[in-house]
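Here is a quick tour of one protein model for someone meeting it for the first time. Have a look at the structure, then read on.

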Amino acid sequence: MSQNDGPRKLPRLSKLDALTLLDITVKCLECSTEADYKQIFALLNTIVPFDQSTSGLAKLSPDGAVESYELANINYPVEWLQTYKEKNFSGIDVIVKRNFTSFTPQYWDQTYKAHKPAREFITLASDFNLVHGYTYGARPFGFCKQASLFSFSGNVKKYD
């Protein structure tokens with residue numbers, strides 16, 4: 001979006017959703033355990049519908065390449081994560097690659113149209129109902145060696 005596009009319209013939140021978002025913000029500041037972290041996603045799921053979610057933190061090289069990646073699984077299928085690791089799918093996953101290069105929200109269907117995923121990857125992902133969703137990550141301001149990724153899958157609604 002360029003500056004000339006004007007402000008983007010966001011979905012309106014109900015009062016309950018706004019209060020839940022405030023609660024999520026407080027819980028993020030107070031988060032100190034894995035259970036606290038998973039509770040944040042449970043609350044988020046009351047505002048943004050998703051079936052499965054995971055998040056990760058990557059260590060990046062000076063040129064932005066992913067050197068290592070730690071996953072905090074919320075409720076992705078464990079079998080999928082094992083297969084993903086065994087087959088080194090992080091090296092061919094177009095969603096992950098785009099996340100760590102552009103750091104913009106992405107709707108998987110759009111990314112898959114622009115950057116065709118490997119047949120084996122998409123076939124196995126569909127076996128676990130992991131072909132529709134959103135991913136977003138961030139890299140802190142300035143040069144930082146870490147970046148995040150948050151993925152939400154399932155029959156999710158696309159927000160423009």
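## The second largest pocket

Let's start with an open space: the second largest pocket has a volume of about 830 Å³. This is a predicted model, so local features need pLDDT of at least 70 and side-chain atom pairs count only at pLDDT 80 or more, while totals for chains, interfaces and linings use all residues. Residues are numbered from 1 along each chain as its sequence is written, and side-chain values use heavy atoms, with hydrogens and water left out.

The pocket is lined by 29 residues, and the closest to its centre are Tyr69, Leu71, Tyr84, Ser90 and Val96. On a 1 Å grid over the protein atoms alone, a pocket is an open set of points where a 1.4 Å probe fits, with protein on both sides within 12 Å along at least five of seven lines; lining residues have an atom within 4 Å of a point. Grid points are joined across faces, edges and corners, and the volume is the space filled by probe spheres set on the points.

Who supplies the lining? Strand E2 (66-73), helix H3 (78-86), helix H4 (94-102), helix H5 (108-114) and strand E5 (146-153) each give at least two residues. Sorted by class, the lining has 16 nonpolar, nine polar and four charged residues. (Ala, Val, Leu, Ile, Met, Phe, Trp, Tyr, Cys and Pro count as nonpolar, Asp, Glu, Lys and Arg as charged, and the others, Gly among them, as polar.)

## The chain as a whole

Six helices and five strands make up the secondary structure of the chain, in the order α-α-β-β-α-α-β-α-α-β-β. Both kinds are DSSP runs numbered from the N terminus: helices are H or I with at least four residues, strands are E with at least two.

Of the 160 residues in the chain, 33% are buried. Buried means under 20% relative accessible area, exposed over 50%, and partly exposed in between (1.4 Å probe, protein chains only).

## Aromatic pairs

The chain has 14 aromatic pairs, meaning rings of Phe, Tyr and Trp (its six-membered ring) with centres within 6.5 Å; planes under 30 degrees apart count as stacked, over 60 as edge-to-face and the rest as tilted. Take phenylalanine 50 and phenylalanine 152: their ring centres are 4.9 Å apart and their planes at 55°, so this pair is tilted. Phenylalanine 50 sits in the loop between helix H2 (34-47) and strand E1 (52-60) and phenylalanine 152 in strand E5, so the pair ties together parts that are 102 residues apart in sequence. Phenylalanine 50 is buried at 9% relative accessible area, and phenylalanine 152 is buried at 15%.

Tryptophan 80 and phenylalanine 121 form an edge-to-face pair, 5.7 Å centre to centre with 65° between the planes. Tryptophan 80 is in helix H3 and phenylalanine 121 in helix H6 (residues 119-127), so this pair ties together parts that are 41 residues apart in sequence. Both tryptophan 80 and phenylalanine 121 are buried. There's also an aromatic cluster, formed by Tyr37, Phe41, Phe50, Phe150 and Phe152.

Glutamine 52 is in strand E1 and counts as buried, at 11% relative accessibility. Leaving aside neighbours within four places in sequence, glutamine 52 has contacts that include Asn75, Phe128, Asn129 and Phe152, where contact means heavy atoms within 4.5 Å.

Asparagine 129 lies in the loop between H6 and strand E4 (133-136). Its phi is near 60°, a positive value in a residue other than glycine, and at 43% relative accessibility asparagine 129 is partly exposed. Asparagine 88, in the loop between H3 and H4, has a positive phi near 50° and is partly exposed at 49%.
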